[in-house]
Amino acid sequence: MALGDSITEGFPYSVRDSWVHYAAGRLEIEILNRGICGNLTEEMLYRFDGDVLAETPTQVILLGGSNDAALRLPLAAVSENFEAMAALSAEHGVVPIIGLPILSLDEEIERWLGSYRDWLREFAAREKFLQIDFYAPFLAVQREGGAAALFADA
């Protein structure tokens, strides 16, 4: 199961062009895509029961925060949402996997995302959760001068 925003859903293309679809094919496993374009972490938490727990997955990848950063939502609110989703996962025997949000080309949004990522790394380490770093590959491409090609809205 993958829960998130447009990055998970597959914006601007389709669910069949999402990282979820490609990962499932590569790993030869089923991953349900529960990404919704524009979602905040608060909205992910709100739909957690119906979109995640109702499907009884073994694991859930939690990838969000880009829209929160665009709205400059405080780390305290974002971290509270991630903690609540992880707690719900644990209560229902679902293993949470923390996704580190991708790079933003907007410097102000990237500063907010950086604080979220730092907290997510610490949270995952403290709770001994697996994490997937979606940020590092984007950063590597940016350093090579090609990041704009990774973003449909750049």
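Reader: Let's start with Arg117. What does Arg117 form a salt bridge with?
Author: Arg117 pairs with Glu110, and their closest N and O atoms are 2.7 Å apart. A salt bridge here is a side-chain nitrogen of Lys or Arg within 4 Å of a carboxyl oxygen of Asp or Glu.

Reader: Are those two buried or exposed?
Author: Both Arg117 and Glu110 are buried. Buried is under 20% relative accessible area, exposed is over 50%, and partly exposed is in between (1.4 Å probe, protein chains only).

Reader: What should I know about the model and the numbering?
Author: This is a predicted model, where local features need pLDDT of at least 70 and side-chain atom pairs count only at pLDDT 80 or more, while totals for chains, interfaces and linings use all residues. Residues are numbered from 1 along each chain as its sequence is written, and side-chain values use heavy atoms, leaving out hydrogens and water.

Reader: Back to salt bridges. How many are in the whole structure?
Author: A search finds seven. One of them joins Glu55 to Arg34, with the closest N and O atoms 3.3 Å apart. That pair links distant parts of the chain, 21 residues apart. Glu55 is in the loop between helix 4 (48-51) and strand 3, and Arg34 is in strand 2 (residues 33-35). Helices (H or I, at least four residues) and strands (E, at least two) are DSSP runs, numbered from the N terminus.

Reader: How accessible is Glu55? And Arg34?
Author: Glu55 has 36% relative accessibility, so it counts as partly exposed. Arg34 is at 23%, so Arg34 is partly exposed too.

Reader: Which residues are linked in a network of salt bridges?
Author: Glu83, Arg126 and Glu127. The side chains of Glu83 and Arg126 meet at 3.9 Å, N to O. Glu83 is in helix 6 and Arg126 in helix 7, so this bridge ties together parts 43 residues apart in sequence.

Reader: How do helix 6 and helix 7 pack?
Author: Their angle is about 35 degrees and their axes are 10 Å apart. Axes are lines fitted to C-alpha atoms, for helices over the stretch in contact, and angles run from 0 to 180 degrees between N-to-C directions.

Reader: Which residues of the two helices meet?
Author: Leu75, Val78, Ser79, Phe82, Glu83 and Ala86 in helix 6 meet Ser115, Tyr116, Trp119, Leu120, Phe123 and Arg126 in helix 7. Contact means heavy atoms within 4.5 Å. The residues divide into eight nonpolar, two polar and two charged. Ala, Val, Leu, Ile, Met, Phe, Trp, Tyr, Cys and Pro count as nonpolar, Asp, Glu, Lys and Arg as charged, and the others, Gly among them, as polar.

Reader: New topic. Which residues touch the most other members of the largest nonpolar core?
Author: Of its 24 residues, Leu3, Phe48, Val60, Leu62, Phe82, Met85 and Ile98 do. Such a core is a set of buried Ala, Val, Leu, Ile, Met, Phe, Trp, Tyr and Cys residues joined through side-chain atoms within 4.5 Å.

Reader: Where does the largest share come from?
Author: Helix 7, with seven residues. There is also a second, separate core of 11 residues, including Trp19 and Phe134.
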